[in-house]
Amino acid sequence: MTSHEIDYEIFGEEMQYVEIELDPQEAVVAEAGTFMMMDDGIRMQTIFGDGSNQSQGVMGKLFSAGKRLLTGESLFMTVFLNAEYGKKKVSFASPYPGKIVPIDLTKYRGRFICQKDAFLCAAKGVNVGIEFSRKLGRGFFGGEGFIMQKLEGDGMAFVHAGGTLARKELLPGDVLKVDTGCIVGFTQDVDYNIEFIGGIRNSIFGGEGLFFATLRGPGVVYLQSLPFSRLAGRVLAAAPQGGGKQKGEGSILGGLGNLLDGDNGF
């Protein structure tokens with residue numbers, strides 16, 4: 001194996017974290033802001049890119065790291081290396097309510113495509129790149145699915161899904177139509193495209209956007225019930241606007257109800 005072979009355990013139900021056990025000199029690479037806790041003896045190191053090709057030249061490292069900017073991620077990632085003689089553990093937490101999905105790349109012929117903000121951590125040696133769409137329609141209208149991340153290698157990787165996770169196995173010719181934001185990831189043989197919803201009423205009054213994604217088998221697809229963009233949109237819609245007024249929760253009392261609900265600061 002070119003990737004480090006790691007053991008892991010996932011804890012929790014709705015707010016999960018993954019605990020990774022590292023043998024001496026084993027390492028895991030993670031996105032910034034996902035670290036939770038670690039044993040004494042684990043060494044942290046900030047690197048360009050994902051650390052999968054550290055033997056290449058300076059320009060190669062800069063190019064590899066620069067591609068991450070296109071996915072909205074940081075140029076840097078953090079490597080957690082077990083520098084001691086015994087086994088050590090390090091944990092990474094999910095950023096919002098949902099599920100952590102372990103992806104064994106050896107079961108998917110060394111490649112898995114996922115949403116640009118789904119990646120959590122992976123064994124050192126896994127390449128975290130970008131997957132461009134070659135289809136014009138998907139490029140213009142794919143929204144969150146235009147530029148995706150590509151995980152390549154022969155190790156374990158972990159991605160995060162918001163809300164409830166759905167795993168779908170598509171046979172050759174099977175087609176699944178989903179909201180673009182609900183895609184967590186899929187195997188390399190799945191054909192991903194964008195389709196117009198159609199119908200004037202659907203387009204103007206449907207409230208679900210003008211396009212949805214079509215996923216055609218064969219392959220495995222992971223979906224999430226709560227994309228972060230949808231969660232953030234609901235939070236912003238309910239947040240106080242302008243002069244501190246907050247959106248009501250359906251009470252016929254309106255502002256008077258806010259005074260009586262026992263949850264106000266003065």
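Two strands count as paired if DSSP finds at least two bridges between them. Within this pairing, F196 has F211 of β18 as its bridge partner.

Before I continue, a word on the source. This is a predicted model, in which local features need pLDDT of at least 70 and side-chain atom pairs count only at pLDDT 80 or more, while totals for chains, interfaces and linings use all residues. Residues are numbered from 1 along each chain as its sequence is written, and side-chain values use heavy atoms, with hydrogens and water left out.

Which sheet do these strands belong to? An open sheet of 3 strands has the order β15-β18-β17, with antiparallel pairing. Its edge strands, β15 (175–178) and β17 (191–196), each pair on one side only. From one strand to the next, the twist averages 30 degrees; the angle is taken between N-to-C directions, from 0 to 180 degrees, with axes as lines fitted to C-alpha atoms.

For the chain as a whole, there are 5 helices and 19 strands. Of its 266 residues, 41% count as buried, where buried means under 20% relative accessible area, exposed over 50% and partly exposed in between (1.4 Å probe, protein chains only).

I turn now to the aromatic rings. The structure holds 7 aromatic pairs. Rings of Phe, Tyr and Trp (its six-membered ring) pair if their centres lie within 6.5 Å; planes under 30 degrees apart are stacked, over 60 edge-to-face, and the rest tilted. Why is the pair of F11 and Y17 stacked? The ring centres of F11 and Y17 are 5.1 Å apart and the planes stand at 20 degrees, so the pair is stacked. F11 is partly exposed, at a relative accessible area of 26%.

F80 and F92, by contrast, form an edge-to-face pair, with 5.2 Å centre to centre and 75 degrees between the planes. F80 lies in strand β6 (residues 76–82) and F92 in strand β7 (residues 88–93), 12 residues apart. Both F80 and F92 are buried. Ring pairs also link F35, F80 and F92 into a cluster.

Conventions. Helices (H or I, at least four residues) and strands (E, at least two) are DSSP runs, numbered from the N terminus.
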